[in-house]
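Visitor: Hi, I'd like to go through this model with you. Can you put it on screen?

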There are 2 protein chains.
Amino acid sequence: MYVTLSGEHRSAFRSTSRDIATAPPHLKLAANSALYFEGDEVSHVYIIEDGVVRLTRVLEDGRRQVIAFGYPGDIVGFPARGLHNTDCDALTPVRLRPIRRCVLEDGAQDPDLHAALLDAAMDEISAMQDHFMMLGCKNAPEKVASFIKSMADRHGMMAADGANVHLPMGRADIADFLGLTMETVSRCFTALRKDGVIRLNGAQSVVIVSMERLARHALGQNTPAPRERHCPTLAA
Amino acid sequence: MYVTLSGEHRSAFRSTSRDIATAPPHLKLAANSALYFEGDEVSHVYIIEDGVVRLTRVLEDGRRQVIAFGYPGDIVGFPARGLHNTDCDALTPVRLRPIRRCVLEDGAQDPDLHAALLDAAMDEISAMQDHFMMLGCKNAPEKVASFIKSMADRHGMMAADGANVHLPMGRADIADFLGLTMETVSRCFTALRKDGVIRLNGAQSVVIVSMERLARHALGQNTPAPRERHCPTLAA
DNA sequence: GCACCGGATTGACGAGGATCAATCTGAGGC
DNA sequence: GCCTCAGATTGATCCTCGTCAATCCGGTGC
């Protein structure tokens with residue numbers, strides 16, 4: 001769960017990051033290892049080429065918010081006043097391309113890259129606004145349905161019924177992402193399963209039976225009475 | 001969107017204001033009028049020079065989220081795929097400086113301004129993360145205390161007891177910003193008042209009696225036993 | 001002055017989700 | 001195969017906050 005890296009791990013990574021600062025184009029990270037911590041000096045931002053990372057922030061008393069999950073193509077590590085403002089951990093093995101921080105600050109150095117970074121930052125702002133709608137406006141079942149739907153969408157899985165979505169994060173991560181508890185997330189998964197909207201192959205693999213009905217759940221327009229009393233959909 | 005320009009980048013904006021002379025130098029907006037709507041094509045982003053704006057998004061069914069309040073120095077209107085992704089309305093009379101959108105896309109055109117915009121976008125990402133912590137982690141009293149504190153902080157009001165904070169937004173706006181209802185916000189204001197942490201001069205003007213105690217409320221470390229002294233607390 | 005009106009406050013009540021606790025499941029390890 | 005353990009699920013109960021409704025307050029018009 002809480003990936004508490006010992007000091008040796010941390011310094012081990014730091015030496016690695018120094019190495020890549022000098023040249024190497026790629027960085028690999030094992031599952032459950034940390035890329036950086038809140039408060040660390042920002043040396044690079046990272047383009048995720050493969051794998052999934054988790055961005056988190058914690059309150060003094062330990063309450064945790066998952067800010068985002070980073071998928072291939074995403075850029076993570078934008079600084080605030082030169083420092084990282086989240087923790088970043090790998091949920092799966094991850095391959096990253098580091099970009100030196102100075103590129104952020106000097107627009108003339110590489111204008112195209114700089115514009116791409118600004119574009120990525122604006123996309124992130126937009127994505128965070130969607131997340132706001134979830135956190136602030138939706139109730140628990142809507143949040144969970146929205147989450148599954150967004151994972152399906154971004155996974156490239158076309159919005160096709162039968163799509164199999166892999167969830168590399170645990171229920172606790174989903175809960176902290178949605179502002180719920182693990183138990184509530186689990187109950188909502190179960191409700192969607194019993195409703196025939198999704199199927200579960202283990203906890204990490206979701207098959208979307210009906211994307212359209214999932215979308216309705218995400219908006220709180222739960223099918224009022226879709227009772228299928230003969231079809232054996234795993235009776236209640 | 002607590003994007004406040006750092007000193008170095010302020011000058012970048014100023015120096016380039018001449019370069020973008022084809023755009024009108026200023027734009028004024030009356031209170032309660034709209035600057036743009038969600039879905040509008042983005043022609044400019046705007047630096048707020050005076051006044052306060054409100055950024056909102058609504059769900060199909062009318063549920064509303066206030067994404068941010070924009071104060072002088074903030075930049076509003078970053079596009080997503082070329083479109084505005086929020087509504088923007090003036091809460092007070094507002095004076096704005098427009099920046100043409102093409103500056104966002106062509107980094108070579110004005111590298112300094114481009115870097116300043118990226119910096120502003122990154123600051124906004126950081127501010128939104130703070131907002132996530134509020135929406136996802138905090139309970140109602142903590143949210144309201146955090147909100148008042150953040151308004152006091154950004155208002156430039158030094159963190160001094162006795163600071164008078166003006167709230168140009170109504171209770172409903174605050175509620176939609178915090179993911180609460182108007183009634184709950186009102187109750188939390190009252191609780192803080194009865195606790196002697198704040199005083200109210202009408203609904204829009206808050207005097208912070210004790211910034212330190214307000215900060216404790218914001219973290220949920222409510223003073224455990226600040227009992228009104230009728231009975232000497234002779235515990236033990 | 002008075003009536004009016006929108007926003008804010010207060011109260012009563014109930015539902016939704018958190019909390020606490022008891023299984024259940026499945027992936028490793030041997 | 002069996003054992004172990006972490007994560008997931010399910011259940012029972014509590015409490016925060018949303019909902020509905022009444023009232024209050026400050027401003028505006030007459």
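Visitor: What covers the buried residues of α7(B)?
Guide: The cover includes α4, α6, β10 (198-200) and β11 (205-208) of chain B. Helices (H or I, at least four residues) and strands (E, at least two) are DSSP runs, numbered from the N terminus. A residue is buried if 20 or more other C-beta atoms lie within 10 Å of its own, exposed if 12 or fewer, and partly exposed in between; C-beta atoms are placed from the backbone.

Visitor: Which residues of helix α7 of chain B are buried?
Guide: They are M211(B), R213(B), L214(B), H217(B) and A218(B), in a helix that spans residues 211-218. Seen down the axis of α7(B), these buried residues fall within an arc of 160°, so they line one face of the helix. The arc is that of the directions from the helix axis to the C-beta atoms.

Visitor: And what follows α7(B)?
Guide: G220(B) does, and its phi is positive, near 80°.

Visitor: Before I go on, how should I read the numbering and the model?
Guide: Residues are numbered from 1 along each chain as its sequence is written, while chains are lettered from A and ligands numbered from 1 in the order in which they are written. This is a predicted model: local features need pLDDT of at least 70, side-chain atom pairs count only at pLDDT 80 or more, and totals for chains, interfaces and linings use all residues.

Visitor: What pLDDT does chain A average?
Guide: The average is 86, and 82% of the residues score at least 70. pLDDT is the predictor's confidence in each residue, from 0 to 100.

Visitor: Where in chain A does pLDDT stay under 50?
Guide: Over residues 1-23, for which the model has twelve contacts beyond four places in sequence. Two residues are in contact if their C-beta atoms, placed from the backbone, lie within 7 Å. Residues 225-236 of chain A are also below 50, with four contacts beyond near neighbours in sequence. Where pLDDT is low, the predicted coordinates should not be read in detail.

Visitor: OK, the DNA. Which residues come closest to DNA strand D?
Guide: G170(A), S186(A), T190(A), N139(B) and T184(B) are the closest of the 20 residues that surround DNA strand D. Near means that a residue's C-beta atom, placed from the backbone, lies within 6 Å of the molecule or strand. The largest share of that surface comes from α6(A), with six residues.

Visitor: How do the residues of that surface near DNA strand D divide?
Guide: Into nine nonpolar, seven polar and four charged. Ala, Val, Leu, Ile, Met, Phe, Trp, Tyr, Cys and Pro count as nonpolar, Asp, Glu, Lys and Arg as charged, and the others, Gly among them, as polar.

Visitor: Which residues come nearest to DNA strand C?
Guide: N139(A), T184(A), G170(B), S186(B) and T190(B), out of 18 around DNA strand C. Here α6(B) gives the most to the surface, with six residues. By class, there are seven nonpolar, seven polar and four charged residues.

Visitor: How many residues of chain A are in contact with chain B?
Guide: 39 residues of chain A, and they meet 39 residues of chain B. On the chain A side, α3(A) gives the most, with 19 residues. That side divides into 20 nonpolar, ten polar and nine charged residues.

Visitor: Now strands. How many residues of β5(A) are buried?
Guide: Seven of its seven. Six bridges join β4 (residues 53-58) of chain A to β5(A), and the two run antiparallel. Two strands pair if DSSP finds at least two bridges between them. T56(A) stands opposite V66(A) in β5(A).

Visitor: Last one: what order do the strands of the open sheet in chain B take?
Guide: β1-β8-β3-β6, four strands with antiparallel pairing. β1 (27-29) and β6 (75-76) of chain B stand at the edges with a single partner strand each, so one side of each is left without a neighbour in the sheet. Two bridges join β3(B) to β6(B), and I47(B) has I75(B) as its bridge partner.
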